[in-house]
Amino acid sequence: MRGNSVCMKLSKRAFSEKQEKSIAKELGGKTIPNSGGLRTVSSWKGDINTNTEKLECKITNSNKYTLKFSDLSKIRSYALKYGRDPVFLFEFASGEYKDKYVCLFEHNNCEILKKKSLLFSAEELFKLQKTNSPLYLFKYADNGIDRGISVYTYRHYLTIRNNT
C-alpha cells in the first residue's frame, strides 16, 4: 500500500509541474523548482515568479475546489516582501467545466466571511462567466485586516494583465 501512495504523490507532483511550466511560459515567468517542498526563504515560495508577480498554482481533477484563506495570506505575504503582486490560480483540469481561475487582491465592499475557506464548484464558476466579471467577490480577515478578493477567469486575467 505504501508504494501506491508514493506513485500517487509523484504523479500529482508531475501533474502540478506541467501546469506550472505551462503558465510560466505563457506569462514569461520562471517556475520555482520543488516550491511546495522547500522550507527556505520566502523568495523561493510560490510556484512562479514573473517580473511583477508571484503566483501560487493549484490544480485538481475534482469538480470542486476548496480555497483556503491561509493560502491566500501566504502568497500575499511572500509576494509583497519581494515587491511583486500576489496571484493565486486554481484550475479544474478535467470534466465538462474545466477551466482556470485567478484570485486577485482587490478592494471590495463585501462583508467579511467568518470561515477559513470557500468551496468553489467548477459548474458554478463556469455558469457565472456568462454574467459576471469578476465572477465572485469576497472578503476575509487576515490577522485582523480585511482582504478583498476578486475571482476572474484566467483568460480575463490575461486581458487585465496585458492592459496594465
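Strand β5 (residues 85-92) runs antiparallel to β6, and six bridges connect the two. Strands and helices here are DSSP runs (E, at least two residues, for strands; H or I, at least four, for helices), numbered from the N terminus, and two strands pair if DSSP finds at least two bridges between them. L89 stands opposite V102 in β6. The two strands form a hairpin with six residues between them, and G95 in that turn has a positive phi of about 95°.

This is a predicted model: local features need pLDDT of at least 70 and side-chain atom pairs count only at pLDDT 80 or more, while totals for chains, interfaces and linings use all residues. Residues are numbered from 1 along each chain as its sequence is written, and side-chain values use heavy atoms, with hydrogens and water left out.

Strand β6 (residues 99-105) also has a partner in strand β9 (residues 145-153), to which five bridges join it in the antiparallel sense. On that side, V102 has Y152 as its bridge partner. Five of the seven residues of β6 are buried, so the strand is mostly covered; buried means under 20% relative accessible area, exposed means over 50%, and partly exposed lies in between (1.4 Å probe, protein chains only).

These strands belong to an open sheet of seven, in the order β1-β2-β3-β5-β6-β9-β8, with mixed pairing. β1 (30-31) and β8 (136-142) stand at the edges with a single partner strand each, so one side of each has no neighbour in the sheet. Elsewhere, strand β2 (residues 48-49) is antiparallel to strand β3 (residues 53-60), with two bridges between them; N49 stands opposite K54 in β3.

Which strands does helix α2 lie across? Helix α2 (residues 69-81) lies across β3, β5, β6, β8 and β9, at about 140° to β5. Helix α4 lies across β3, β5, β6 and β9, at about 105° to β9. Contact means heavy atoms within 4.5 Å; axes are lines fitted to C-alpha atoms, for helices over the stretch in contact, and angles run from 0 to 180 degrees between N-to-C directions.

The structure holds 11 aromatic pairs. In Y154 and Y157 the ring centres are 6.2 Å apart and the planes lie at 35°, so this pair is tilted. Rings of Phe, Tyr and Trp (its six-membered ring) pair if their centres lie within 6.5 Å; planes under 30 degrees apart count as stacked, over 60 as edge-to-face and the rest as tilted. Y154 and Y157 are three residues apart in helix α4 (residues 154-162), which means about one helical turn separates them.
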